Amino acid sequence: MSRRPVSWALLLAMVAMLLLLPAAGLGLSVNDVARDVRCPTCNTPLDVSNAPIAIRMKQYIADRISAGVTEKAVIIDELEAEFGPEIRTVPPKSGFDLIAWIVPALVVFVGLALIPIITRLWSRRGRDHEPGVAPPSPEETRRLQEELDRLET
Amino acid sequence: MTEDAPVVEAPEPPRDRRRLVWAIVTAVVIAAVVGFLALGLANRGVGTSIDTAIRAGERPAAPEFSLPVLVAGGGVGPAGTNVALSSLRGKIVVVNMWASWCGPCIEESALLESLWNRYRTRDVVLLGIQVEDFTKDGLAFYEKYGLTYPSLRDGGDVTKRAYQATGVPETFVVDRQGRLALTLRGPVAEADATALAGIIDGLRREPAVQ
């Protein structure tokens with residue numbers, strides 16, 4: 001019996017496993033957390049900062065991951081407790097800060113909804129402003145009829 | 001031969017009115033830009049106002065703060081409670097902003113400790129403010145270098161911004177009336193410690209309340 005079908009089955013099983021494996025299952029990295037945290041000294045995200053406190057904070061993140069913390073939010077909350085809410089590069093999706101998430105989405109949604117309305121309004125206005133053709137006056141009708149009669153004869 | 005039907009022009013939209021609206025909008029935008037530029041120029045000196053005022057011989061009011069105590073001592077504490085600068089009115093307060101990861105902070109800590117030991121019983125409070133640092137690291141720093149002067153903790157850097165500090169360490173001397181008498185942007189060196197002692201002695205000779 002050929003081994004080829006078995007190899008193919010194994011390969012397919014491995015690909016399926018990789019596809020089904022959630023990203024989180026691959027493990028939380030220091031940079032996953034660091035890019036959402038601001039360096040208090042230089043105000044840039046931690047992952048691009050080499051300030052002493054940024055290095056120390058990245059060490060803290062690494063220590064927490066090594067200790068088994070898998071939730072990014074847990075580590076960021078701990079850092080917030082030490083350094084205050086301004087430590088976040090992105091506002092939390094709760095409480096008053098929720099506005100920062102809702103308002104831009106709302107603006108985009110309203111903008112998209114307004115496009116057909118405004119387009120229709122503009123096209124209607126353009127139609128209204130088109131130069132109109134007035135119906136011929138009785139005198140013009142009479143002259144036109146006379147011309148037609150003359151052409152027929 | 002045919003004749004074209006006469007074309008009757010529709011009434012023109014009110015262009016003059018539209019032009020007026022555009023002119024008003026443009027004028028408002030230009031006025032806003034000019035206004036913001038003027039405001040920016042007027043406030044150009046705000047970032048250095050504390051130093052400028054002190055250099056001019058003035059004593060601006062020290063920005064108020066209320067922060068948790070990291071290390072208690074000299075009547076400041078217990079640890080964890082909040083202490084406000086205004087609660088120390090009547091005393092000379094030497095505020096020192098520091099962080100455990102800061103090399104110059106380590107170098108100046110011995111000088112500050114000796115200054116504290118010299119003045120702690122003379123109505124002078126040396127008050128550290130730990131900024132941009134982990135609580136745990138700050139406590140380890142105090143233990144490692146044997147420091148006994150009290151320290152507060154400012155995790156959110158609010159005080160640093162209020163005092164227009166650009167880094168650590170920085171030291172400020174607040175007189176008995178809660179006014180800034182000196183700013184020292186950088187570490188306290190031997191010569192600075194001597195000058196600092198001279199300024200403290202001068203402030204001690206001033207009446208408590210005017």
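In the predicted model examined here, B:G128 has B:S151, a residue of β5(B), as its bridge partner. The pairing of β4(B) with β5(B) is parallel and extends over four bridges. Helix α4(B) packs on the sheet and touches β1, β4 and β5 of chain B, its direction making about 50° with that of β1(B). Helix α3 of chain B, which spans residues 103-119, likewise packs on the sheet, where it touches β3 (92-98) and β4 of chain B, and its direction makes about 155° with that of β4(B).

The sheet as a whole is open and is formed by seven strands of chain B, arranged in the order β2-β1-β5-β4-β3-β6-β7 with mixed pairing.

Along the sequence, chain B follows the pattern α-α-β-β-β-α-β-α-β-α-β-β-α, with six helices and seven strands in total. Of its 210 residues, 33% count as buried. Where contacts in chain B link residues at least 6 apart in sequence, 70% of them join residues at least 24 apart.

Helix α4(B), which covers residues 135-144, includes the buried residues B:G138, B:F141 and B:Y142. Because the buried residues of α4(B) fall within an arc of 95° when seen down the helix axis, they line one face of the helix. The cover over these buried residues includes β1 (66-71), β4 (124-131) and β5 (151-154) of chain B. On the face of α4(B) turned away from the buried side lie the exposed residues B:K136, B:A140, B:E143 and B:K144. Just after this helix, B:G146 adopts a positive phi of about 60°.

Chain A contains six helices and zero strands, and its elements, taken from the N terminus on, run α-α-α-α-α-α. Of the 153 residues of chain A, 12% count as buried. For contacts in chain A between residues at least 6 apart in sequence, the share that joins residues at least 24 apart is 46%.

Within chain A, residue A:A34 belongs to helix α2, which comprises residues 30-34. A:A34 counts as buried because it has 22 C-beta neighbours inside 10 Å, the cut-off for a buried residue being 20 or more. Apart from neighbours within four places in sequence, A:A34 is in contact with A:P45, A:L46, A:D47, A:K58 and A:I61. The C-alpha atoms of A:A34 and A:S49, residues that stand 15 apart along the chain, are separated by 9.5 Å.

In soluble globular proteins, nonpolar side chains tend to be buried together. The largest nonpolar core of the model has 59 residues, and those with the most contacts inside it are A:M57, B:V93, B:V95, B:A99, B:L126, B:L127 and B:V174. For B:V174, the contacts beyond four places in sequence are with B:A62, B:L85, B:I92, B:V93, B:V95, B:R179, B:L180 and B:A181.

Notes: Residues are numbered from 1 along each chain as its sequence is written. Chains are lettered from A and ligands numbered from 1 in the order in which they are written. This is a predicted model: local features need pLDDT of at least 70, side-chain atom pairs count only at pLDDT 80 or more; totals for chains, interfaces and linings use all residues. Helices (H or I, at least four residues) and strands (E, at least two) are DSSP runs, numbered from the N terminus. The arc is that of the directions from the helix axis to the C-beta atoms. Two residues are in contact if their C-beta atoms, placed from the backbone, lie within 7 Å. A nonpolar core is a set of buried Ala, Val, Leu, Ile, Met, Phe, Trp, Tyr and Cys residues joined through C-beta atoms within 7 Å. Two strands pair if DSSP finds at least two bridges between them. Axes are lines fitted to C-alpha atoms, for helices over the stretch in contact, and angles run from 0 to 180 degrees between N-to-C directions.
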